[in-house]
Amino acid sequence: MPVIVNPEACESECGGLLAYLDAQRGGIRRSVYGLTEEQARSVPSASALSLAGLLKHVVTGERGWLRVLQGKAPGNAKDQMAEWEHTFEPTEDETVEALLALYDEVARETEEALRALPSLDETFEAIRLPWDEGGTRTWRWAVLHLIEEVARHAGHADIIRETIDGKGAFDLVFETGAMPEPDWSILER
């Protein structure tokens with residue numbers, strides 16, 4: 001998703017990582033911009049994913065990291081898997097509007113918690129999951145992993161959104177005012 005990250009936000013490592021994470025969150029948020037609830041829940045491509053499902057998944061994933069960051073026990077692998085299995089399936093109450101509001105809240109709490117760390121070198125113990133051996137991790141690793149995860153799903157969201165109504169990433173960036181449309185004439189010079 002094309003978005004410019006303000007270089008001033010990158011004056012510290014934590015600030016830079018948070019700015020890039022937020023840029024990827026923006027891709028997810030913009031993917032549902034202007035859609036009806038029915039369109040956001042539709043599954044228009046070869047994938048079984050919907051935009052509302054992707055939104056729920058990234059919110060749930062970041063909230064899981066936030067729990068660990070706040071020192072709350074992550075539970076066991078079986079509980080984690082049970083929660084994960086339903087992250088792509090928004091319930092009736094989990095509307096796009098409600099999920100976006102929750103995403104804003106989780107993003108704010110994540111930023112506050114990360115900025116409160118003395119260093120991104122601080123560690124935590126990751127539990128073993130089918131896709132991860134678990135073990136000692138730094139918060140730097142966790143934030144980079146979160147950026148990777150959200151970016152991957154922002155790419156999925158681009159494809160799904162374009163399948164729904166033909167709007168690509170650049171269209172949504174300009175339409176939402178996330179970035180002004182560039183002066184394309186400079187390419188002609």
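Because the model is predicted, local features need pLDDT of at least 70 and side-chain atom pairs count only at pLDDT 80 or more, while totals for chains, interfaces and linings use all residues. Residues are numbered from 1 along each chain as its sequence is written, and side-chain values use heavy atoms, with hydrogens and water left out.

**Overall form**

Let's start with the whole protein. It has seven helices and two strands, arranged along the sequence as α-α-α-α-α-β-β-α-α. Helices (H or I, at least four residues) and strands (E, at least two) are DSSP runs, numbered from the N terminus. The C-alpha trace spans about 50 × 40 × 25 Å along its principal axes.

Of the 189 residues, 39% are buried. Buried means under 20% relative accessible area, exposed over 50%, and partly exposed in between (1.4 Å probe, protein chains only).

In soluble globular proteins, nonpolar side chains tend to be buried together. Here the largest nonpolar core holds 38 residues, and Ile28, Leu114 and Trp139 touch the most other members. Helix H1 (13-31), H3, helix H5 (96-116), strand E1 (123-126) and helix H6 (139-165) each supply at least two residues of this core. H3 gives the largest share, ten residues. Such a core is a set of buried Ala, Val, Leu, Ile, Met, Phe, Trp, Tyr and Cys residues joined through side-chain atoms within 4.5 Å.

What does Trp139 contact, leaving aside its neighbours within four places in sequence? Its partners include Trp65, Val68, Leu69, Leu114 and Phe124, where contact means heavy atoms within 4.5 Å.

| Residue | Relative accessibility | Class |
|---|---|---|
| Gly61 | 32% | partly exposed |
| Leu187 | 65% | exposed |

Gly61 sits in helix H3 (residues 51-69). Its C-alpha atom is separated by 16 Å from that of Gly27, 34 residues apart along the chain. Leu187 lies in the segment after helix H7 (169-176).
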